[in-house]
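Please look over the model shown here. The notes below go through some of its local features.

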Amino acid sequence: MTLLMDPTLTSTELGAALTRALDGQFAEQRASARESFPVDNLLRAPGMSLDEARDWVLNRLTELSDAGFGASGMKTSADGEADPAAALVAFEMLAHGDLSVNIKSGVQFGLFGGAVTNLGTAWHHDTFLADITSLKLLGCYAMTELGHGSDVSGIETTITYVAETDEYEVHSETESATKAYIGNAARDGRMAVVYGQLLVRGKNHGVHAILVPIRDENGRDLPGVTSGDQGWKGGLLGVDNGTLRFARVRVPRRMLLDRYGGVDASGVYTSPIENPNRRFFTMLGTLVRGRVCIAASGAIAARRGLSIATRYALSRRQFTAPQHPDGVVLLDYLTHQRRLLPGIARAYALGFAQNELSAKLVQIQGGGDFTERDQRELETRAAGLKAVATRFANDTLQTCREACGGAGFMSANQLVGLRADADIYATFEGDNTVLLQLVAKALLTDYKQLWEGLDRIGAAQATARIIGEGVLERTAANRLIERLVATASRRPEEVALVDRGWHAYLFEERERHALASLARRMRTASRRGFDAVSELGDHMLFVARAHLERVMLEAFIAGIDACSDPEAKAVLERLCSLFALTSIAEDRAWFLEHNRISTGRAKAIGAQVNALCHELRPEALSLVEGFGIPQSWLGAELLT
Ligand SMILES: Cc1cc2nc3c(=O)[nH]c(=O)nc-3n(C[C@H](O)[C@H](O)[C@H](O)COP(=O)(O)OP(=O)(O)OC[C@H]3O[C@@H](n4cnc5c(N)ncnc54)[C@H](O)[C@@H]3O)c2cc1C
């Protein structure tokens, strides 16, 4: 097969300016990470056996750790300093290579190391963190069980305090208590953070986590531990996922990660958080970084797919036409533009929203001031963006594969491998549907608090205004967006289709109306029981999505506002319109049913999306260059 590559497809100034804009507040760190990132051994060759793949991944992770891209930003002792921004940027860089390496690093440093750091105390830090960060001690994060996945609070493993010997006994009474799908459990892990119900003198204090050695130096199961290898999976073959079962395994009392509760020297359970429910959610909340990282990794996988498919679409020709005697370049077909350019627009929207999310995480975990509300908002947004980004990755990688035709199906062109690896992102670190339900519940809680406040002061007239300002708490660029919306909302039908205020107004209306009606329906449903609440499932998902679409749009607007390069800014404006109109078009039925747009306007949106695709077509290369992924990193043979 001969490919007609256009020799002018090299790095453009516009591409560089777009990268700076998209890197946002992390521009400097990301730029220097790109320069020092070791790329010689970036991608794993397809066709390795399971063992070869696992060996390759472990070696590569070691190589990257030595180059400063492993435990970067983690503290290594009780007095050490953590640098969450460095940790996030390092993880993002790994998402540009083999995703098994990325996920294995997440298991080792983010989950295993993260649990020791966040749930442990000084002794755990001083005893284990240095070995975890140097990869001397490989470990697992054993939360999920065969019987309980999404429903973590129901896990069956028990951690029972044994007063006579001052130890804990870790036990899986039933088959369904077996820990399942656990990364590093099949082969490499030597220790595990095991989650279980903490029982002290017959009382259950809820889910806690404890460190349990699982294998000896030669890789043999320790007495009482039974590990299993879950073998071949749909992707991520380089990660050794497996099962763990415990038969009354004893560990010393100090192995409990007891920052939020444990048994003291006199054998009494104490916790700084009285309420068991609050304690459980506080413990899980400290591990929010995992979701932030998976959202980033999923979005980067999608960017890689879009880069491959777009670059290919700029060189591949099919069919001749009167003005195209040498054949039409794929990206000159409007259908092809409509397949790729809205995805690129959405990738930018997600990128800007991810920057805000990462900045919030850095503020909260990097020693800045924050309130409980900030923490809750971080958790809600991390859950939501993880769900949206990984759904996007799955959909986009399939679209990109198809956009490259048969070539897209060849492993050497990376798309099928990427698609297989990113598939499970929709499930681990929280199943996407369950996460979106969490988002809707959090929004309802805010709504309820305001509602109750209003009942008390009886200011019914103020309802709309306060709900508008309170529940739809804006992201960045508050004043700018308020101004845009205020102007547009006065005459929504007359403003141009690319008016940003009109977009922001419609996005707000979608969320506000859907949330208000959900709150009303939920009030009655909750009195009628499970089935009535369950019937609101779709409505909850719609609210969560509407909320996240608005978060992304507002982040996009803030990103454009912060961009100082006029040419990049103009391109981003068009891209933002494409993102906004595509989102409105997808919910066209809702906007029509709720009289937010006329039928004439609904039809005009389709034509405007086409027009924007035409306008953005000449900038397609710069747009994917803006993702900050050099062509050579993509490793796709079809681009050589
Ligand atoms: C490759 C891989 C690696 C993993 N690594 C780890 C690891 O290292 N450590 C670890 O602890 N776990 C790990 N997991 C487990 C992962 O976190 C769980 O698979 C995930 O939490 C979902 O749980 P589940 O598989 O039991 O699915 P379930 O919870 O049974 O969900 C099945 C389906 O039911 C739906 N569903 C569930 N509850 C509801 C509800 N309330 N309303 C509506 N729909 C619902 C879900 O949307 C989903 O589609 C890994 C999994 C895989 C596949």
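This is a predicted model: local features need pLDDT of at least 70, side-chain atom pairs count only at pLDDT 80 or more; totals for chains, interfaces and linings use all residues.

Helix 10 gives the most, with seven residues. By class, the lining of the second largest pocket has 10 nonpolar, seven polar and nine charged residues.

## Helix 9 against helix 18

Helix 9 and helix 18 also meet each other. Their axes come within 8 Å and cross at roughly 100°. Angles of 65 to 115 degrees count as roughly perpendicular, so helix 9 and helix 18 are roughly perpendicular to each other.

On helix 9, the contact uses Leu341, Pro342, Ala345, Arg346, Tyr348, Ala349 and Phe352. Helix 18 brings Leu572, Leu575, Leu578, Phe579 and Thr582. The contact residues divide into 10 nonpolar, one polar and one charged.

Three strands form an open, antiparallel sheet in the order 4-8-7. Strand 4 (179-183) and strand 7 (225-229) are the edges, each pairing on one side only. From one strand to the next, the twist averages 35°.

Strand 4 pairs with strand 8 (residues 241-246) over three bridges, in the antiparallel sense. Lys179 stands opposite Leu244 of strand 8.

## Two cavities

How many cavities of 30 Å³ or more does a search of the whole structure find? It finds two. The largest cavity holds about 160 Å³. It is lined by 16 residues, and Asp23, Arg30, Glu92, Ile300 and Arg303 are the closest to its centre. Helix 1 (13-23), helix 2 (27-36), helix 4 (84-94), helix 8 (289-313) and helix 9 each give two or more residues to this lining. The lining of the largest cavity comprises seven nonpolar, four polar and five charged residues.

The second largest cavity has a volume of about 40 Å³. Its lining is Phe37, Leu42, Trp56, Arg60, Leu64, Leu94, Gly97, Asp98 and Val101. Helix 3 (residues 50-66) supplies the largest share, three residues. Six residues of this lining are nonpolar, one is polar and two are charged.

Terms used. Residues are numbered from 1 along each chain as its sequence is written. Side-chain values use heavy atoms; hydrogens and water are left out. Helices (H or I, at least four residues) and strands (E, at least two) are DSSP runs, numbered from the N terminus. Ala, Val, Leu, Ile, Met, Phe, Trp, Tyr, Cys and Pro count as nonpolar, Asp, Glu, Lys and Arg as charged, and the others, Gly among them, as polar. Two strands pair if DSSP finds at least two bridges between them. Axes are lines fitted to C-alpha atoms, for helices over the stretch in contact, and angles run from 0 to 180 degrees between N-to-C directions. Angles under 35 degrees count as roughly parallel, over 145 as roughly antiparallel, 65 to 115 as roughly perpendicular and the rest as oblique. Contact means heavy atoms within 4.5 Å. On a 1 Å grid over the protein atoms alone, a cavity is a set of points where a 1.4 Å probe fits but cannot get out, and a pocket is an open set with protein on both sides within 12 Å along at least five of seven lines; lining residues have an atom within 4 Å of a point. Grid points are joined across faces, edges and corners, and a volume is the space filled by probe spheres set on the points.
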